Amino acid sequence: PGEDVRRKLDEKLQLLRERIQTCPVASFTYFLPDDKKEGGEYVTAAGHVKRIKELEEMVDLTDGTEIPIGEIIEIELEELQRNAK
């Protein structure tokens, strides 16, 4: 992603960090590499954010989904929409 897009993603991640105790609901679109061949696909996962693991650079959802922060291209913050604009 471009610098402007990356800055907006960082702002949304910071909002999630600030509200992590409330298990905020968010939707993430990110690149999922293919284990068997070159390439992969863009997928969207949504759910309650359980934690953001800074060292591993991963976002964990309560359903067990792990999202690599470096592969995220879009974050939609469900209950934070009113505050994020």
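This is a predicted model: local features need pLDDT of at least 70, side-chain atom pairs count only at pLDDT 80 or more; totals for chains, interfaces and linings use all residues.

Student: Got it. So in which strand is Lys53 found?

Tutor: Lys53 is in strand S2, which covers residues 40-53.

Student: And is Lys53 buried or exposed?

Tutor: Buried. Its relative accessible area is 18%, and the cut-off for buried is under 20%, so Lys53 falls on the buried side.

Student: A lysine in there, okay. Which residues does Lys53 touch?

Tutor: Leaving out residues up to four places away in sequence, Lys53 touches Met58, Asp60 and Glu66. With Asp60 there is a salt bridge, and the closest N and O atoms are 3.3 Å apart. With Glu66, the side chains are joined by a polar contact of 3.1 Å.

Student: Which way does Asp60 point from S3, and what goes the other way?

Tutor: Asp60 and Met58 point one way from S3, while Val59 and Leu61 point the other way. All four are buried.

Student: How do S2 and S3 pair?

Tutor: They're antiparallel, with four bridges. One of the links is Arg51, whose bridge partner in S3 is Asp60. The two strands make a hairpin with four residues between them, and Glu57 in the turn has a positive phi of about 55 degrees.

Student: What about S3 and S4, how many bridges there?

Tutor: Three, and those strands run antiparallel too; S4 is residues 66-68. Val59 has Ile67 as its bridge partner in S4. That hairpin also has four residues between its strands, and Gly64 takes a positive phi near 100 degrees.

Student: Zooming out, what's the strand order in the sheet?

Tutor: S4-S3-S2-S1-S5, five strands in an open sheet with antiparallel pairing. S4 and S5 are the edge strands, each pairing on one side only. From one strand to the next, the twist averages 40 degrees. H1 packs on the sheet and touches S1, S2, S3 and S5, with its direction making about 45 degrees with that of S5.

Student: Then where's the nonpolar core, and which residues have the most contacts inside it?

Tutor: The largest nonpolar core has 18 residues, and the ones with the most contacts inside it are Leu16, Phe28, Val49, Val59, Ile67, Ile72 and Ile75. H1, S1, S2, S3 and S5 each supply at least two residues of this core.

Student: Take Phe28. What is it in contact with?

Tutor: Skipping neighbours within four places in sequence, the contacts of Phe28 include Leu16, Val49, Val59, Ile67, Ile72 and Ile75. Thr44 and Glu74 are also among its contacts.

Student: Switching topic: how many salt bridges does the count come to?

Tutor: Nine. One is Arg17 with Glu54, where the closest N and O atoms are 2.6 Å apart. That pair links distant parts of the chain: Arg17 is in helix H1 and Glu54 is in the loop between S2 and S3, 37 residues apart. Arg17 is partly exposed at 29% relative accessibility, and Glu54 is partly exposed at 43%.

Student: And what does Lys8 form a salt bridge with?

Tutor: With Asp4, the closest N and O atoms being 3.8 Å apart. Lys8 and Asp4 lie in helix H1 (residues 3-18), four residues apart, about one turn of the helix.

Conventions. Residues are numbered from 1 along each chain as its sequence is written. Side-chain values use heavy atoms; hydrogens and water are left out. A salt bridge is a side-chain nitrogen of Lys or Arg within 4 Å of a carboxyl oxygen of Asp or Glu. Buried means under 20% relative accessible area, exposed over 50%, partly exposed in between (1.4 Å probe, protein chains only). A polar contact is a pair of N or O atoms within 3.5 Å; within protein, one must be able to donate a hydrogen and the other to accept it, and residues adjacent in sequence count only if both atoms are side-chain atoms. Contact means heavy atoms within 4.5 Å. A nonpolar core is a set of buried Ala, Val, Leu, Ile, Met, Phe, Trp, Tyr and Cys residues joined through side-chain atoms within 4.5 Å. Two strands pair if DSSP finds at least two bridges between them. Axes are lines fitted to C-alpha atoms, for helices over the stretch in contact, and angles run from 0 to 180 degrees between N-to-C directions.
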